[in-house]
Amino acid sequence: MGGLIAPRVAAARPQARIIFLCAGFAHTSDAEQKENYSVLNGDLYTRYQEGDALGRTKMPAERAIAAYYQDVPRELAEWAAGKIQPQWVNAHMTAGPIAPYAYRIAGIIDCADDRILQPEPHAKLARDRFGMEPVMLPGGHSPFLSRPADLAEVLDRIVRADGSRARAQ
């Protein structure tokens, strides 16, 4: 969901930049929305969800660990799975298109063993849509838990490069 939200927040903040981390992209057209769905591992994602009477979805802990935290130490994965809150799937499915925002993107980070986003199709989408090569980390969907030092190094590199570009303009 974060990939749908970040560009909308950035639009309201004139100096804001975006770093996508294992995130889908907000769409600027119906065609882009279809492309976005094509890079999700939709079968796993929807199969692992459980709905409630209010129309919300949530992944039970064991399924969340399998989908999001497969390379996270077990105790930490259990803690993280316990923090997941129900989401309104309708919000994800009905979010409308937004104004183009490619110029706001500082970087894109994908993970080679992500079970939610298909890494290579997502990277191709990033190249085709934004002209950016994602940084590919090893591991699954949650590098902030499985390899925080590696992620911090990549984030630092992206921020420094983005700052250098801004100063050059």
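**View 1. Arg63 is partly exposed in this predicted model.** Its relative accessibility is 32%. Arg63 forms a salt bridge with Glu50, and the closest N and O atoms are 3.6 Å apart. Arg63 belongs to helix 4 (residues 61-68) and Glu50 to strand 2 (residues 50-51), so this pair ties together parts 13 residues apart in sequence. Glu50 is also partly exposed, at a relative accessible area of 40%.

**View 2. Glu62 and Arg74 meet through their side chains in a salt bridge.** The N to O distance is 2.4 Å. Glu62 sits in helix 4 and Arg74 in helix 5 (residues 74-83), so the pair ties together parts that are 12 residues apart in sequence. Glu62 is partly exposed, with a relative accessible area of 48%. Arg74 is partly exposed at 43%. Elsewhere, salt bridges with shared partners join Glu32, Glu35 and Arg129 into one network.

**View 3. Arg56 pairs with Asp52 in a salt bridge.** Their side chains meet at 2.8 Å, N to O. Arg56 is partly exposed, with a relative accessible area of 25%. Asp52 counts as partly exposed at 31%. The model's salt bridges number 14.

**View 4. Asp114 is buried yet has no salt bridge.** This residue lies in the loop between strand 5 (105-111) and helix 7 (119-130). The nearest side chain of opposite charge is Arg115, 8.0 Å away. A salt bridge needs the nitrogen and oxygen within 4 Å. The Asp114 side chain instead reaches the backbone nitrogen of Leu117 at 3.2 Å. Leaving aside residues up to four places away in sequence, Asp114 touches Cys22, Pro119, Gly139, Gly140 and His141.

Notes
Residues numbered from 1 in each chain as written. Predicted model: local features only at pLDDT ≥ 70, side-chain atom pairs only at ≥ 80, totals over all residues. Heavy atoms only, no water. Helix = DSSP H or I, 4+ residues; strand = E, 2+ residues; numbered from the N terminus. Buried < 20%, exposed > 50% of the residue type's maximum accessible area, 1.4 Å probe, protein only. Lys, Arg positive; Asp, Glu negative; His and termini not counted. Polar contact = N/O pair within 3.5 Å; in protein donor to acceptor, adjacent residues only side chain to side chain. Contact = heavy atoms within 4.5 Å.
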